[in-house]
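Visitor: I am new to this structure and would like to learn how to read it. Could you take me through its features in turn?

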2 protein chains.
Amino acid sequence: MAAVKFSRQREYIRRNLAERRDHPTADMVYRDVRKAFPNVSLGTVYRNLSLLAKLGDIRRISGGEGADRFDGRMDPHDHFFCRVCGGVTDLPLADGGQILKKRAQKDFAGHIDRQVVEFFGTCPKCLKAGGAKGLSVIGNK
Amino acid sequence: MAAVKFSRQREYIRRNLAERRDHPTADMVYRDVRKAFPNVSLGTVYRNLSLLAKLGDIRRISGGEGADRFDGRMDPHDHFFCRVCGGVTDLPLADGGQILKKRAQKDFAGHIDRQVVEFFGTCPKCLKAGGAKGLSVIGNK
DNA sequence: TATGATAATAGTAATGATTACTGATAATGA
DNA sequence: TCATTATCAGTAATCATTACTATTATCATA
């Protein structure tokens, strides 16, 4: 139900996400979309990000800190969250075969359809800048 | 700095979390605390949950859907999130040795200090109730 | 056991992220 | 071209959480 109609705003968002690798928040995407559509609404950006995620064109990543992030790359990979600068980095899959899911499923009477693996710490840039020892801005609640 | 003083409200919250296994939200804890302290403030509950988590007495789990959950059990284990009823269940550790962390660290110049593994799907109860096929209430944004 | 320093509280306002609502506009199929 | 309906911009509302403030509770020490 509910046929999806073309919209230039949505196409712009789709392409924008496909081209960047910084896992932006809805607001970061919004700031970009405004360059092409000066009076686009933030709600439009949210609605389309959700729709694109549902359609499987992009991926929503909720690191548990602040706003959700969005990822235009659909090949399977994990994510690393830097507690110092808040940035999100792609990491090669640590569990390519989804072994954990199978292992967890064994002792569980429910049905597991998805496993999420996330890593937290200090990114290379912040490590160099001396951010390793408790200077965290994020993750302290 | 900032010595921690005893508070009856905080003790109640600590015990409440130690006794239950349903990974409640702040609001769920709040409703319980009000039984003993009828005019406790929701802010007090939030503040103490955050403090207890910082002290290492409880654990905050942010499944990426809705409000944060809190867990009084400090032994290492994973969590399962039911997309149908929204419940959170404990699962035995799928990666006891933190192998993934080590594997991910190999190709990464930053410092990984924490790995989070979460599972999503349909819990045993909702499976029986026929909730397996797209009846999800949660996880559809 | 009184006192003084300060942490914690209740109550409430404010914030930030996200969703919902509405009348106007744009896309699509007949 | 027309009718249908998804999408839009603009804005209000919601939800989870934090911040602020005047008052109260804790606790080490006099």
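Guide: We begin with a definition: helices and strands here are DSSP runs, numbered from the N terminus. Keep in mind that this is a predicted model.

Visitor: Which elements of chains A and B each supply at least two residues of the surface near DNA strand D?

Guide: Chain A supplies helix H1 (8-19) and helix H3 (42-55), and chain B supplies its own helix H3 (42-55). H3(A) gives the most to that surface, with five residues.

Visitor: How many residues surround DNA strand D, and which are the closest?

Guide: The number is 30, and the closest are A:Ser7, A:Thr44, B:Phe6, B:Gly43 and B:Asp68. Sorted by class, the surface near DNA strand D has eleven nonpolar, twelve polar and seven charged residues.

Visitor: And which residues are the closest to DNA strand C?

Guide: They are A:Phe6, A:Gly43, A:Asp68, B:Ser7 and B:Thr44, out of 30 residues that surround DNA strand C. Two or more residues come from each of H3 of chain A, helix H1 (8-19) of chain B and H3 of chain B. H3(B) has the largest share of the surface near DNA strand C, five residues. The classes there are eleven nonpolar, twelve polar and seven charged.

Visitor: Next, the two protein chains. How is the relation between two copies described?

Guide: In general, two copies of a chain are related by a rotation about an axis and a shift along it. Here chain B is superposed on chain A by a rotation of 179° with 0.0 Å of shift along the axis, at an RMSD of 0.1 Å. That is the relation of a two-fold axis. Within chain B, B:Val117 has the C-alpha nearest the axis, at 2.3 Å.

Visitor: How many bridges join strand S5 of chain A to S5(B), and in which sense do the strands run, parallel or antiparallel?

Guide: Eleven bridges join strand S5 (residues 111-122) of chain A to S5(B), and the two run antiparallel. As one pair, A:Phe119 has B:Gln115 in S5(B) as its bridge partner.

Visitor: What do S3(B) and S4(B) form?

Guide: They form a hairpin with five residues between them. S3(B) pairs with strand S4 (residues 88-91) of chain B in the antiparallel sense, over four bridges. B:Phe80 has B:Thr89 in S4(B) as its bridge partner. In the turn, B:Gly86 has a positive phi of about 85°.

Visitor: Is A:His23 buried or exposed?

Guide: A residue is buried if 20 or more other C-beta atoms lie within 10 Å of its own. A:His23 counts as buried because there are 22 C-beta neighbours inside 10 Å.

Visitor: Where does A:Leu52 lie?

Guide: A:Leu52 lies in helix H3 of chain A. With 19 other C-beta atoms within 10 Å, A:Leu52 is partly exposed. Leaving aside neighbours within four places in sequence, A:Leu52 is in contact with A:Ile13, A:Arg14, A:Asp57 and A:Ile58.

Visitor: Finally, how is chain A divided?

Guide: Chain A is divided into domain 1 (1-74) and domain 2 (75-141). The C-alpha centres of these domains of chain A lie 22 Å apart. Eight residues from domain 1 of chain A and eight residues from domain 2 of chain A make up the contact.

Methods: Residues are numbered from 1 along each chain as its sequence is written. Chains are lettered from A and ligands numbered from 1 in the order in which they are written. This is a predicted model: local features need pLDDT of at least 70, side-chain atom pairs count only at pLDDT 80 or more; totals for chains, interfaces and linings use all residues. A residue is near a molecule or strand if its C-beta atom, placed from the backbone, lies within 6 Å of it. Ala, Val, Leu, Ile, Met, Phe, Trp, Tyr, Cys and Pro count as nonpolar, Asp, Glu, Lys and Arg as charged, and the others, Gly among them, as polar. Two strands pair if DSSP finds at least two bridges between them. Copies are superposed by least squares on the C-alpha atoms of residues with pLDDT of at least 70 in both. Domain bounds come from an automatic or database domain assignment. Two residues are in contact if their C-beta atoms, placed from the backbone, lie within 7 Å. A residue is buried if 20 or more other C-beta atoms lie within 10 Å of its own, exposed if 12 or fewer, and partly exposed in between; C-beta atoms are placed from the backbone.
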